[in-house]
Amino acid sequence: MNPGPDTELKSLEMIRRLVGFDTTSRNSNLALIDFVRGYLADLGVESTLVHDETGQKANLFATLGPVGRPGICLSGHTDVVPVDGQAWDTDPFELTEKDGKLYGRGTCDMKSWLAVALAFTPEFLRRGLKTPIHLALSYDEEVGCVGVRRLIDRFGAGLVRPALCIVGEPTNMSVVRGHKGKRSYRCRVRGFEAHSSIAPRAVNAVEFAGEVITFLRAMAIRKRTEGTFDGAFDIPHTTVHVGIVAGGTALNIVPRDCYLDFEFRTVPGDDAHALFEEVRDYAEGTLLPEMLAVSEEAGFSWEELSYFPGLDTAEDDPVIALAKSLTGANSTSKVAFGTEAGLFQEGEVSTVVCGPGHIEQAHKPNEFVTREQIALCEALMGRLVDQVCEA
(Lines give C-alpha, C1' and ligand atoms only; values in the text may rest on other atoms or scores of the structure.)
Protein backbone atom coordinates (compact mmCIF):
# COMPACT_ATOMS: atom_id res chain seq x y z
CA MET A 1 0.00 0.00 0.00
CA ASN A 2 1.35 3.43 -0.91
CA PRO A 3 1.73 5.93 1.93
CA GLY A 4 -0.87 8.68 2.08
CA PRO A 5 -0.32 12.45 2.06
CA ASP A 6 -0.65 12.62 5.86
CA THR A 7 1.98 9.97 6.58
CA GLU A 8 4.28 11.15 9.36
CA LEU A 9 7.77 11.82 8.05
CA LYS A 10 10.79 11.04 10.19
CA SER A 11 13.10 13.08 7.98
CA LEU A 12 11.07 16.28 7.58
CA GLU A 13 13.15 18.39 9.98
CA MET A 14 16.41 17.18 8.45
CA ILE A 15 15.15 18.10 4.96
CA ARG A 16 14.32 21.54 6.33
CA ARG A 17 17.83 21.94 7.75
CA LEU A 18 19.63 20.86 4.57
CA VAL A 19 17.48 22.96 2.23
CA GLY A 20 18.27 25.96 4.43
CA PHE A 21 21.91 25.93 3.33
CA ASP A 22 22.52 27.80 0.07
CA THR A 23 24.93 25.33 -1.48
CA THR A 24 24.66 26.60 -5.05
CA SER A 25 27.73 25.19 -6.79
CA ARG A 26 29.45 28.59 -6.98
CA ASN A 27 29.35 28.77 -3.16
CA SER A 28 31.17 26.88 -0.44
CA ASN A 29 29.34 23.86 0.97
CA LEU A 30 31.27 23.87 4.25
CA ALA A 31 28.41 25.18 6.39
CA LEU A 32 26.30 22.18 5.45
CA ILE A 33 29.23 19.78 5.79
CA ASP A 34 30.08 21.19 9.24
CA PHE A 35 26.47 20.77 10.32
CA VAL A 36 26.41 17.12 9.17
CA ARG A 37 29.79 16.44 10.74
CA GLY A 38 28.59 17.85 14.06
CA TYR A 39 25.34 15.90 13.88
CA LEU A 40 27.25 12.66 13.33
CA ALA A 41 29.80 13.48 16.01
CA ASP A 42 26.99 13.89 18.56
CA LEU A 43 25.99 10.33 17.65
CA GLY A 44 29.57 9.10 18.14
CA VAL A 45 30.35 8.82 14.43
CA GLU A 46 33.62 10.17 13.05
CA SER A 47 33.79 11.76 9.60
CA THR A 48 36.58 12.20 7.09
CA LEU A 49 36.61 15.32 4.94
CA VAL A 50 38.21 15.42 1.49
CA HIS A 51 38.59 19.07 0.46
CA ASP A 52 38.99 20.71 -2.91
CA GLU A 53 42.22 22.54 -3.76
CA THR A 54 40.90 25.80 -2.28
CA GLY A 55 39.80 24.32 1.03
CA GLN A 56 36.40 25.98 0.58
CA LYS A 57 34.50 22.83 -0.38
CA ALA A 58 34.58 19.28 0.93
CA ASN A 59 33.30 15.77 0.52
CA LEU A 60 32.31 13.94 3.69
CA PHE A 61 32.72 10.20 4.26
CA ALA A 62 31.52 8.48 7.42
CA THR A 63 31.03 4.86 8.44
CA LEU A 64 28.20 3.59 10.61
CA GLY A 65 29.00 0.27 12.25
CA PRO A 66 32.07 -1.94 11.74
CA VAL A 67 35.00 0.02 10.32
CA GLY A 68 37.38 -1.23 7.66
CA ARG A 69 34.75 -3.43 5.96
CA PRO A 70 33.24 -2.82 2.50
CA GLY A 71 29.53 -2.56 3.27
CA ILE A 72 26.94 -0.36 1.55
CA CYS A 73 27.43 3.27 0.55
CA LEU A 74 24.57 5.79 0.51
CA SER A 75 25.77 8.63 -1.69
CA GLY A 76 24.55 12.05 -2.74
CA HIS A 77 25.75 15.50 -3.70
CA THR A 78 25.29 18.57 -1.53
CA ASP A 79 25.38 21.27 -4.22
CA VAL A 80 22.37 22.66 -6.06
CA VAL A 81 21.84 24.63 -9.26
CA PRO A 82 21.30 28.42 -9.16
CA VAL A 83 17.93 30.07 -8.66
CA ASP A 84 19.01 33.22 -10.52
CA GLY A 85 16.35 34.51 -12.89
CA GLN A 86 13.80 31.89 -11.84
CA ALA A 87 10.31 32.94 -10.72
CA TRP A 88 9.85 31.24 -7.35
CA ASP A 89 6.61 31.58 -5.41
CA THR A 90 8.41 30.79 -2.13
CA ASP A 91 11.87 31.30 -0.64
CA PRO A 92 13.93 28.60 -2.41
CA PHE A 93 16.14 28.13 0.66
CA GLU A 94 13.30 27.74 3.14
CA LEU A 95 11.30 24.52 3.05
CA THR A 96 7.63 25.23 2.31
CA GLU A 97 4.94 22.55 2.48
CA LYS A 98 1.70 22.87 0.53
CA ASP A 99 -0.81 20.31 -0.75
CA GLY A 100 1.41 17.33 -0.05
CA LYS A 101 4.47 18.86 -1.71
CA LEU A 102 7.71 20.07 -0.15
CA TYR A 103 9.06 23.09 -2.04
CA GLY A 104 12.65 24.32 -1.97
CA ARG A 105 15.86 24.19 -3.94
CA GLY A 106 17.31 20.71 -3.56
CA THR A 107 14.19 19.02 -2.24
CA CYS A 108 14.16 16.85 -5.37
CA ASP A 109 17.80 17.07 -6.47
CA MET A 110 18.91 15.75 -4.03
CA LYS A 111 18.96 16.82 -0.41
CA SER A 112 15.88 14.79 0.56
CA TRP A 113 17.80 11.55 -0.06
CA LEU A 114 20.64 12.72 2.17
CA ALA A 115 18.18 13.89 4.81
CA VAL A 116 16.47 10.50 4.96
CA ALA A 117 19.81 8.72 5.35
CA LEU A 118 20.85 11.11 8.12
CA ALA A 119 17.48 10.91 9.87
CA PHE A 120 17.78 7.11 10.01
CA THR A 121 21.37 7.18 11.28
CA PRO A 122 20.32 6.98 14.97
CA GLU A 123 18.19 3.93 14.14
CA PHE A 124 21.10 2.21 12.33
CA LEU A 125 23.28 2.80 15.37
CA ARG A 126 20.65 1.83 17.94
CA ARG A 127 19.94 -1.47 16.22
CA GLY A 128 23.63 -2.38 15.87
CA LEU A 129 25.04 -2.92 12.40
CA LYS A 130 26.45 -6.23 11.22
CA THR A 131 27.11 -4.70 7.78
CA PRO A 132 28.54 -1.17 7.72
CA ILE A 133 26.73 1.73 6.11
CA HIS A 134 28.95 4.40 4.56
CA LEU A 135 27.63 7.92 4.05
CA ALA A 136 29.19 9.85 1.14
CA LEU A 137 28.33 13.52 0.62
CA SER A 138 30.02 15.24 -2.32
CA TYR A 139 30.44 18.73 -3.75
CA ASP A 140 30.10 20.19 -7.27
CA GLU A 141 28.16 17.39 -8.93
CA GLU A 142 26.09 19.93 -10.82
CA VAL A 143 29.14 21.34 -12.62
CA GLY A 144 30.55 18.06 -13.93
CA CYS A 145 30.66 15.53 -11.07
CA VAL A 146 33.81 17.27 -9.87
CA GLY A 147 34.09 16.67 -6.13
CA VAL A 148 33.31 12.98 -5.81
CA ARG A 149 36.37 12.09 -7.92
CA ARG A 150 38.65 13.14 -5.07
CA LEU A 151 36.64 11.00 -2.67
CA ILE A 152 36.70 7.92 -4.89
CA ASP A 153 40.45 8.35 -5.39
CA ARG A 154 40.82 7.77 -1.65
CA PHE A 155 39.13 4.36 -1.75
CA GLY A 156 41.78 1.83 -0.86
CA ALA A 157 44.11 4.67 0.15
CA GLY A 158 42.81 5.79 3.52
CA LEU A 159 39.11 5.14 2.94
CA VAL A 160 37.52 1.71 2.72
CA ARG A 161 36.11 0.87 -0.71
CA PRO A 162 32.38 0.09 -0.39
CA ALA A 163 31.11 -3.11 -1.99
CA LEU A 164 27.78 -1.63 -3.09
CA CYS A 165 26.50 1.91 -3.57
CA ILE A 166 23.08 3.54 -3.92
CA VAL A 167 23.17 7.04 -5.41
CA GLY A 168 19.93 8.71 -4.40
CA GLU A 169 19.25 10.91 -7.43
CA PRO A 170 15.55 11.41 -8.20
CA THR A 171 14.21 8.29 -9.94
CA ASN A 172 10.68 8.25 -8.52
CA MET A 173 12.03 5.50 -6.23
CA SER A 174 12.49 3.17 -9.20
CA VAL A 175 15.67 1.14 -9.65
CA VAL A 176 17.94 2.61 -12.33
CA ARG A 177 20.87 0.48 -13.46
CA GLY A 178 22.12 2.61 -16.32
CA HIS A 179 22.54 6.16 -17.52
CA LYS A 180 24.30 7.87 -20.39
CA GLY A 181 27.82 9.19 -20.22
CA LYS A 182 28.64 12.77 -21.18
CA ARG A 183 31.53 14.71 -22.67
CA SER A 184 31.28 18.42 -23.45
CA TYR A 185 33.68 20.58 -25.43
CA ARG A 186 34.36 24.15 -26.48
CA CYS A 187 35.50 24.88 -30.02
CA ARG A 188 37.14 28.27 -30.59
CA VAL A 189 37.32 29.52 -34.16
CA ARG A 190 39.90 32.17 -35.05
CA GLY A 191 39.21 34.01 -38.31
CA PHE A 192 40.66 37.09 -39.94
CA GLU A 193 39.00 40.48 -39.44
CA ALA A 194 38.15 42.91 -42.20
CA HIS A 195 35.56 45.48 -43.24
CA SER A 196 32.43 43.65 -44.34
CA SER A 197 32.61 45.30 -47.77
CA ILE A 198 35.69 43.17 -48.52
CA ALA A 199 34.45 40.01 -46.86
CA PRO A 200 36.01 37.66 -49.44
CA ARG A 201 39.44 38.81 -48.25
CA ALA A 202 38.66 37.83 -44.65
CA VAL A 203 37.92 34.63 -42.72
CA ASN A 204 34.50 34.76 -41.07
CA ALA A 205 34.81 32.91 -37.75
CA VAL A 206 31.04 32.85 -37.24
CA GLU A 207 30.45 31.24 -40.63
CA PHE A 208 33.07 28.56 -40.07
CA ALA A 209 31.64 27.92 -36.61
CA GLY A 210 28.33 27.46 -38.42
CA GLU A 211 29.93 24.81 -40.62
CA VAL A 212 31.00 22.92 -37.49
CA ILE A 213 27.48 23.24 -36.08
CA THR A 214 26.02 21.89 -39.33
CA PHE A 215 28.37 18.92 -39.09
CA LEU A 216 27.32 18.28 -35.48
CA ARG A 217 23.66 18.43 -36.48
CA ALA A 218 24.26 15.88 -39.23
CA MET A 219 26.01 13.68 -36.70
CA ALA A 220 23.00 13.97 -34.38
CA ILE A 221 20.66 12.92 -37.19
CA ARG A 222 22.94 9.98 -38.01
CA LYS A 223 22.95 8.76 -34.40
CA ARG A 224 19.16 9.13 -34.27
CA THR A 225 18.58 7.12 -37.43
CA GLU A 226 21.47 4.64 -37.42
CA GLY A 227 22.24 4.10 -33.72
CA THR A 228 23.87 2.57 -31.70
CA PHE A 229 20.51 1.88 -29.99
CA ASP A 230 19.66 0.84 -26.44
CA GLY A 231 15.92 0.47 -26.02
CA ALA A 232 16.13 0.63 -22.22
CA PHE A 233 16.61 4.42 -22.46
CA ASP A 234 13.69 6.79 -23.06
CA ILE A 235 15.87 8.36 -25.79
CA PRO A 236 17.49 5.14 -27.05
CA HIS A 237 20.47 6.62 -28.89
CA THR A 238 23.41 8.92 -28.37
CA THR A 239 22.52 12.62 -28.58
CA VAL A 240 24.61 15.49 -29.96
CA HIS A 241 23.76 19.01 -28.83
CA VAL A 242 25.11 22.54 -29.37
CA GLY A 243 24.13 24.74 -26.43
CA ILE A 244 26.08 28.02 -26.70
CA VAL A 245 27.37 30.04 -29.66
CA ALA A 246 28.96 33.47 -29.37
CA GLY A 247 30.96 35.62 -31.78
CA GLY A 248 31.26 38.83 -33.74
CA THR A 249 31.35 42.50 -32.74
CA ALA A 250 29.39 44.46 -35.35
CA LEU A 251 27.53 43.72 -38.56
CA ASN A 252 30.00 45.66 -40.70
CA ILE A 253 33.02 43.77 -39.33
CA VAL A 254 33.86 40.26 -40.54
CA PRO A 255 34.19 38.49 -37.16
CA ARG A 256 37.59 37.25 -36.07
CA ASP A 257 36.42 35.15 -33.11
CA CYS A 258 33.60 32.75 -32.36
CA TYR A 259 33.13 29.82 -30.00
CA LEU A 260 30.60 27.08 -29.56
CA ASP A 261 29.96 24.64 -26.72
CA PHE A 262 28.67 21.18 -27.58
CA GLU A 263 28.12 17.84 -25.89
CA PHE A 264 27.72 14.14 -26.51
CA ARG A 265 25.49 12.01 -24.26
CA THR A 266 26.33 8.45 -25.18
CA VAL A 267 24.65 5.10 -24.81
CA PRO A 268 26.86 2.08 -24.04
CA GLY A 269 28.75 1.09 -27.16
CA ASP A 270 29.37 4.65 -28.36
CA ASP A 271 32.63 6.46 -27.62
CA ALA A 272 32.23 10.20 -27.04
CA HIS A 273 35.93 10.87 -27.55
CA ALA A 274 35.82 9.11 -30.94
CA LEU A 275 32.87 11.31 -31.92
CA PHE A 276 34.81 14.39 -30.88
CA GLU A 277 37.78 13.29 -32.98
CA GLU A 278 35.44 12.97 -35.95
CA VAL A 279 34.33 16.59 -35.49
CA ARG A 280 37.89 17.84 -35.08
CA ASP A 281 39.09 15.90 -38.14
CA TYR A 282 36.35 17.49 -40.23
CA ALA A 283 37.14 21.00 -38.99
CA GLU A 284 40.90 20.76 -39.36
CA GLY A 285 40.96 18.52 -42.43
CA THR A 286 38.17 20.08 -44.50
CA LEU A 287 37.59 23.63 -43.24
CA LEU A 288 41.04 24.72 -42.08
CA PRO A 289 42.80 24.58 -45.48
CA GLU A 290 40.23 27.02 -46.90
CA MET A 291 40.76 29.33 -43.92
CA LEU A 292 44.56 29.21 -44.12
CA ALA A 293 44.44 30.04 -47.82
CA VAL A 294 43.26 33.50 -46.75
CA SER A 295 45.17 34.01 -43.50
CA GLU A 296 47.79 32.08 -41.57
CA GLU A 297 46.25 33.48 -38.38
CA ALA A 298 43.10 31.40 -38.82
CA GLY A 299 42.51 28.17 -36.98
CA PHE A 300 40.65 26.08 -34.41
CA SER A 301 41.36 25.32 -30.77
CA TRP A 302 39.56 22.78 -28.59
CA GLU A 303 38.89 22.38 -24.87
CA GLU A 304 37.14 19.62 -22.95
CA LEU A 305 34.72 21.23 -20.51
CA SER A 306 33.38 18.25 -18.58
CA TYR A 307 33.22 14.49 -18.53
CA PHE A 308 31.50 11.76 -16.60
CA PRO A 309 31.14 8.11 -17.56
CA GLY A 310 27.88 6.30 -18.10
CA LEU A 311 26.51 3.70 -15.72
CA ASP A 312 25.90 0.19 -17.01
CA THR A 313 25.21 -2.20 -14.14
CA ALA A 314 24.30 -5.79 -15.05
CA GLU A 315 20.86 -7.09 -14.11
CA ASP A 316 22.43 -9.89 -12.06
CA ASP A 317 24.71 -7.58 -10.08
CA PRO A 318 24.23 -7.90 -6.29
CA VAL A 319 23.43 -4.19 -5.96
CA ILE A 320 20.40 -4.68 -8.22
CA ALA A 321 19.11 -7.48 -6.00
CA LEU A 322 19.63 -5.22 -2.98
CA ALA A 323 17.77 -2.28 -4.53
CA LYS A 324 14.88 -4.48 -5.64
CA SER A 325 14.54 -5.95 -2.16
CA LEU A 326 14.49 -2.46 -0.63
CA THR A 327 11.93 -1.01 -3.06
CA GLY A 328 9.84 -4.04 -3.92
CA ALA A 329 10.53 -3.40 -7.62
CA ASN A 330 10.47 -6.22 -10.14
CA SER A 331 12.21 -4.37 -12.95
CA THR A 332 14.93 -1.83 -13.66
CA SER A 333 15.36 1.02 -16.11
CA LYS A 334 17.91 3.40 -17.62
CA VAL A 335 17.80 7.20 -17.74
CA ALA A 336 19.19 9.91 -20.00
CA PHE A 337 20.44 12.22 -17.25
CA GLY A 338 23.84 11.68 -15.67
CA THR A 339 24.93 11.06 -12.09
CA GLU A 340 28.01 10.24 -10.04
CA ALA A 341 27.10 6.55 -10.25
CA GLY A 342 29.29 5.92 -13.29
CA LEU A 343 32.30 7.24 -11.38
CA PHE A 344 31.60 4.87 -8.48
CA GLN A 345 31.37 2.04 -10.99
CA GLU A 346 34.71 3.10 -12.50
CA GLY A 347 36.02 3.01 -8.93
CA GLU A 348 35.11 -0.69 -8.72
CA VAL A 349 31.97 -0.20 -6.63
CA SER A 350 28.74 -1.92 -7.79
CA THR A 351 26.30 0.97 -8.09
CA VAL A 352 22.63 1.66 -8.70
CA VAL A 353 20.60 4.89 -8.76
CA CYS A 354 17.43 5.13 -6.68
CA GLY A 355 15.97 8.11 -4.87
CA PRO A 356 12.87 10.22 -4.17
CA GLY A 357 11.44 12.74 -6.59
CA HIS A 358 11.14 13.02 -10.34
CA ILE A 359 13.83 14.48 -12.59
CA GLU A 360 11.18 16.66 -14.27
CA GLN A 361 11.04 18.73 -11.06
CA ALA A 362 14.81 19.19 -10.81
CA HIS A 363 16.47 22.53 -11.69
CA LYS A 364 13.12 24.29 -12.07
CA PRO A 365 11.60 27.20 -10.18
CA ASN A 366 9.33 25.89 -7.42
CA GLU A 367 11.26 22.61 -7.27
CA PHE A 368 9.44 20.11 -5.08
CA VAL A 369 9.25 16.55 -3.87
CA THR A 370 6.02 14.95 -2.71
CA ARG A 371 5.45 13.66 0.80
CA GLU A 372 4.58 10.32 -0.78
CA GLN A 373 8.03 10.05 -2.34
CA ILE A 374 9.71 10.85 0.97
CA ALA A 375 7.57 8.25 2.72
CA LEU A 376 8.58 5.64 0.12
CA CYS A 377 12.23 6.57 0.61
CA GLU A 378 11.85 6.24 4.38
CA ALA A 379 10.28 2.81 3.84
CA LEU A 380 13.35 1.83 1.78
CA MET A 381 15.64 3.01 4.55
CA GLY A 382 13.64 1.10 7.15
CA ARG A 383 14.03 -2.11 5.16
CA LEU A 384 17.75 -1.44 4.88
CA VAL A 385 17.93 -1.09 8.65
CA ASP A 386 16.26 -4.51 8.95
CA GLN A 387 18.74 -6.07 6.53
CA VAL A 388 22.01 -4.74 7.93
CA CYS A 389 21.34 -4.56 11.65
CA GLU A 390 21.68 -7.19 14.37
CA ALA A 391 18.57 -6.38 16.33
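Rings of Phe, Tyr and Trp (its six-membered ring) are taken as a pair if their centres lie within 6.5 Å; planes under 30 degrees apart count as stacked, over 60 as edge-to-face and the rest as tilted. The structure examined is a predicted model, in which local features need pLDDT of at least 70 and side-chain atom pairs count only at pLDDT 80 or more, while totals for chains, interfaces and linings use all residues. Residues are numbered from 1 along each chain as its sequence is written, and side-chain values use heavy atoms, with hydrogens and water left out.

By the ring rule, 12 aromatic pairs were counted. In one of them, the ring centres of Tyr185 and Phe264 are 6.2 Å apart and the planes stand at 65°, so the pair is edge-to-face. Tyr185 belongs to strand E9 (residues 181–190) and Phe264 to strand E13 (residues 257–266), so the pair ties together parts that are 79 residues apart in sequence. Helices (H or I, at least four residues) and strands (E, at least two) are DSSP runs, numbered from the N terminus. Tyr185 and Phe264 are both buried, where buried means under 20% relative accessible area, exposed over 50% and partly exposed in between (1.4 Å probe, protein chains only). Ring pairs also link these two residues with Phe262, Phe276, Phe300 and Trp302 in a cluster.

Leaving aside residues up to four places away in sequence, Val203 touches Gly191, Phe192, Phe208, Val254, Pro255, Met291, Val294, Ser295 and Ala298; contact means heavy atoms within 4.5 Å. Val294 is 91 residues from Val203 in sequence, yet their C-alpha atoms are 6.8 Å apart in space.

For the chain as a whole, 10 helices and 18 strands were assigned. Of its 391 residues, 53% count as buried. Among contacts with a separation of 6 or more, 80% join residues 24 or more positions apart. The C-alpha trace spans about 80 × 45 × 40 Å along its principal axes. A compact globule of 391 residues would have a radius of gyration near 21 Å, and the value of 24 Å for the chain therefore agrees. This radius is taken over C-alpha atoms, and the globule rule is 2.2 Å times the number of residues to the power 0.38.
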